[in-house]
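Welcome! Here is a short tour for someone meeting this structure for the first time. Take a look at it, and then read on.

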Amino acid sequence: MLDDRITVSVHATDEVGRARLARELRTLPGLRVVRNGAAVQILLLGRHDRDAAGELRRRSRGSWAPLVVVADGLGDAELMAVWEYGARTVLQTPRVTPRRLGRAVHAAAGCCPPEPLPELGVLV
């Protein structure tokens with residue numbers, strides 16, 4: 001049987017946050033969470049991540065897979081850095097819903113056009 005679900009890998013310095021996000025992704029139709037070789041990578045950045053820029057660099061250089069960033073409290077400078085490292089979509093953690101997360105992954109994979117979110121000023 002052909003599995004046409006989009007493979008997604010979740011990376012974070014916080015293992016509890018990573019597991020929570022992976023569990024939420026597993027409930028979404030059309031997605032399959034894997035450890036390696038994913039079509040789309042999600043990077044969870046916490047407010048207290050000391051090496052967020054380094055982690056972004058490693059993820060963006062270490063794979064050709066599109067990158068979706070889920071982050072707490074990014075300021076303008078951090079947001080610009082995220083875009084410079086090639087993130088396709090940025091979601092603010094307090095506003096993440098299953099629908100937005102699923103749309104972000106599908107948009108990063110090229111399956112559907114991004115949906116504008118005027119209150120955030122980003123595409124999901």
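## Helix α4 and what follows

Just past α4, Gly110 adopts a positive phi of about 85°. This is a predicted model, in which local features need pLDDT of at least 70 and side-chain atom pairs count only at pLDDT 80 or more, while totals for chains, interfaces and linings use all residues. Residues are numbered from 1 along each chain as its sequence is written, and side-chain values use heavy atoms, leaving out hydrogens and water.

Helix α4 covers residues 98-109, and its end C-alpha atoms lie 17 Å apart; this agrees with the 16 Å that its 12 residues should span at 1.5 Å a residue (the expected span is 1.5 Å times one less than the number of residues). Among the buried residues of α4 are Leu101, Ala104, Val105 and Ala108. Buried means under 20% relative accessible area, with a 1.4 Å probe and protein chains only.

## The enclosed strand β3

Strand β3 spans residues 40-45, and six of its six residues are buried, so the rest of the structure largely encloses it. In a regular strand, side chains alternate between the two faces of the sheet. On one side of β3 sit Val40, Ile42 and Leu44, and on the other Gln41, Leu43 and Leu45, all buried.

β3 pairs in the parallel sense with β1 (residues 6-12) over five bridges, with Ala12 opposite Leu44. β3 also pairs in the parallel sense with β4 (residues 67-71) over five bridges, where Ala71 is the bridge partner of Leu45. Pairing here requires at least two DSSP bridges between two strands.

## The whole chain

Four helices and seven strands make up the chain's elements (DSSP runs: H or I of at least four residues for helices, E of at least two for strands, numbered from the N terminus). Of the 124 residues, 41% are buried.

Terms used:
Buried means under 20% relative accessible area, exposed over 50%, partly exposed in between (1.4 Å probe, protein chains only).
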